[in-house]
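Subject: Structure for you to look at

Hi,

Here is the structure I promised to pass on. Please open it alongside this note. My findings follow below.

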Amino acid sequence: MIKGMLAAILAAIVVAGIILGIIWLVMSGLFLWIAGFLLGSFIIAVVVLFVIIFIFAVIAFVALFYYLAEKTPSVEPGEYKIEEQKGKHDT
């Protein structure tokens, strides 16, 4: 019976220590520090990804107009014969 009482008291002390440890961590601001660090890291990651995607979009936009400007067909006046025209599978 004394063993059971001693085990119950020891278990109560352990549970109280765990609860006090959790309360101490909450009150000390450690959780807030970790949350702030994670939030700051997330914000920095979002900004970096936005900059990378924005630069890629600007390059793609400029490349699109460069491609359109370079690929304009040049039609020269003259007489064309059917033999001079290229078909679908001709190179």
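Accessible areas here come from the Shrake-Rupley method with a 1.4 Å probe. On that basis, the protein exposes about 9100 Å². Carbon and sulfur atoms supply 78% of that area. Keep in mind that this is a predicted model.

How much of the protein is buried? Buried residues make up 1% of the 91 residues.

The fold is quick to describe. There are two helices and zero strands.

Start with helix H1, which covers residues 2-28. H1 has 27 residues, and at 1.5 Å a residue it should span 39 Å. Its end C-alpha atoms are 38 Å apart, so the two values agree. Glycine 29 follows H1. The phi of glycine 29 is positive, near 90 degrees.

Next comes helix H2, residues 30-70. Here the aromatic side chains deserve a look. The structure holds three aromatic pairs. I describe two of them below.

Are tryptophan 33 and phenylalanine 37 buried or exposed? Both are exposed.

Another pair is phenylalanine 61 with phenylalanine 65. This one is edge-to-face: 4.9 Å centre to centre, 80 degrees between the planes. Why are these two phenylalanines separated by about one helical turn? Because phenylalanine 61 and phenylalanine 65 are four residues apart in helix H2. An α-helix has 3.6 residues a turn, so residues three or four places apart point the same way.

Phenylalanine 61 has a relative accessible area of 52%, so it is exposed. Phenylalanine 65 is at 45%, so it counts as partly exposed.

Best wishes

Technical notes: Residues are numbered from 1 along each chain as its sequence is written. This is a predicted model: local features need pLDDT of at least 70, side-chain atom pairs count only at pLDDT 80 or more; totals for chains, interfaces and linings use all residues. Side-chain values use heavy atoms; hydrogens and water are left out. The expected span of a helix is 1.5 Å times one less than its number of residues. Rings of Phe, Tyr and Trp (its six-membered ring) pair if their centres lie within 6.5 Å; planes under 30 degrees apart count as stacked, over 60 as edge-to-face and the rest as tilted. Buried means under 20% relative accessible area, exposed over 50%, partly exposed in between (1.4 Å probe, protein chains only).
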